[in-house]
Amino acid sequence: MAAKAASIWVCAKTPYSHQGVSDLSSNHSELALNLNFRKWECSCLAVASAQRAITPVEDEKPSLTCAAESSGAMERIEDNKSREFHKDLNLLPKPLTANDFSPRDGSKVRVAYQGLPGAYSEAAAVKAYPKCETVPCDQFEAAFKAVELWLVDKAVLPIENSVGGSIHRNYDLLLHHRLHIVGEVQLQVNHCLLGLPGARKEELKRVLSHYQAFAQCEMTLSSLGIIRINTDDSALAAQMVASTGLRDTGAVASARAANIYGLDILAEKIQDDDDNITRFLILGREPIIPGSDRPYKTSVVFTLEEGPGVLFKALAVFALRGINLTKIESRPQKQRPLRIVDDSNEGSAKYFDYLFYIDFEASMADPRAQYALEHLKEFARFLRVLGCYPKDTIP
Ligand SMILES: O=C(O)C(=O)C[C@]1(C(=O)O)C=C[C@@H](O)C=C1
């Protein structure tokens, strides 16, 4: 049997088309080479006829198929010699597959976030990639750099909150780094007032947290009349309360932070608005291929020429094509803060040049989006697509 099969031995990992089989029979060794297979890791194929598709045998690993040319029937190689050979093959290292690099469930993906374990950003990273390895970073910029330097695969960073508004620092960093927005995560943020075990909220004289968390709990904190002290993130606030051991100091942070740092929850859901949502961006080194299989958003940043109604015209490129805008943000253009508007020294200086960040509801695969951005280029001095990504919703 082996002798028959030995007439053609080539490598494969998937079934081939009829055309592929003809190629195999005519020039099998060259094709095997072209397909980048190695003999020692290969499957064994025997071609029953030049016109017959090759199918893998289910119970062999790696999948093996053998067929005899003379009879035209596909037959398994079952002699002992062959079994020995297969056993040895199993000891050899397995080749990497495309799935090893981007597993669908997010396992093995390393995701940077700003803050300590227990921060809301960590929860957002886990929502984005449920089985990921989260990597805490002290500052937003460290998370950007970690992706750029291949220390992690992705970064998940807050961009806006439904009560507190935009996180401006991340708008600025988006422009100064070359990462792409590959997704977004909307997270319900429920703030808790935390204290040392046994402490009561009436005892608190000061409270620590992130400035955004304070902004989202304005009414509760004002009614308590306690001093607010900013920290880099809410989980750090919880850790500081735990490590200083001061009964009169509390933290605004998550229930998970209370658990991690051994604090009591003195009050729950202390945010002003029950529906307190923070939107996070997922950043990667490469953009994703825009699709049309589900609702997509696109984020762009641009600057405009000087002149009356230019911003109106810029926004009209979307309105004219029925494209809905979900966010507009303007940031000072720091590299060009001062501009003389006429040639004489007496002309007035212009201190406020802006960058406009816009999110709109359309995929870059949609011709309406492509035409809108082509049109926008007529007024924009600078335009960059920051990313096109599937829209996230709160279940
Ligand atoms: O302090 C945290 O836990 C964070 O993850 C930061 C942050 C923010 O930057 O807005 C994230 C979500 C909440 O809106 C509050 C704070």
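User: How many residues of domain 2 are in contact with domain 4?

Analyst: Two residues are in contact if their C-beta atoms, placed from the backbone, lie within 7 Å. Here, eleven residues of domain 2 are in contact with 13 residues of domain 4. On the domain 2 side, helix H7 (168-176) and strand S5 (180-188) each supply at least two residues. Helices (H or I, at least four residues) and strands (E, at least two) are DSSP runs, numbered from the N terminus. By class, this side of domain 2 has five nonpolar, four polar and two charged residues. Ala, Val, Leu, Ile, Met, Phe, Trp, Tyr, Cys and Pro count as nonpolar, Asp, Glu, Lys and Arg as charged, and the others, Gly among them, as polar.

User: What kind of model is this, and into which domains is the chain divided?

Analyst: The model is predicted: local features need pLDDT of at least 70, side-chain atom pairs count only at pLDDT 80 or more, and totals for chains, interfaces and linings use all residues. Residues are numbered from 1 along each chain as its sequence is written. Domain bounds come from an automatic or database domain assignment, which here gives domain 1 (2-95), domain 2 (101-188), domain 3 (192-270) and domain 4 (287-390).

User: Where does the ligand lie relative to the domains?

Analyst: A residue is near a molecule if its C-beta atom, placed from the backbone, lies within 6 Å of it. Around the ligand there are 15 residues, of which Ala119, Ser121, His210, Gln212 and Asp233 come nearest. The ligand lies between domain 2 and domain 3, because both give residues to its shell. Helix H5 (120-128), strand S3 (154-161), helix H8 (211-216) and helix H10 (234-244) each supply at least two of the shell residues. The shell has seven nonpolar, seven polar and one charged residues.

User: Which residues of helix H6 are buried, and why do they fall on the same side of H6?

Analyst: An α-helix has 3.6 residues a turn, so residues three or four places apart point the same way. A residue is buried if 20 or more other C-beta atoms lie within 10 Å of its own, with C-beta atoms placed from the backbone. In H6 (residues 140-148), the buried residues are Phe140, Ala143, Phe144, Ala146 and Val147. These residues lie on the same side of H6 because they cover an arc of only 160 degrees around the axis, taken from the directions from the helix axis to the C-beta atoms. They pack against strand S1 (110-114), strand S2 (133-137), S3, H7 and strand S11 (277-284).

Technical notes: A residue is buried if 20 or more other C-beta atoms lie within 10 Å of its own, exposed if 12 or fewer, and partly exposed in between; C-beta atoms are placed from the backbone.
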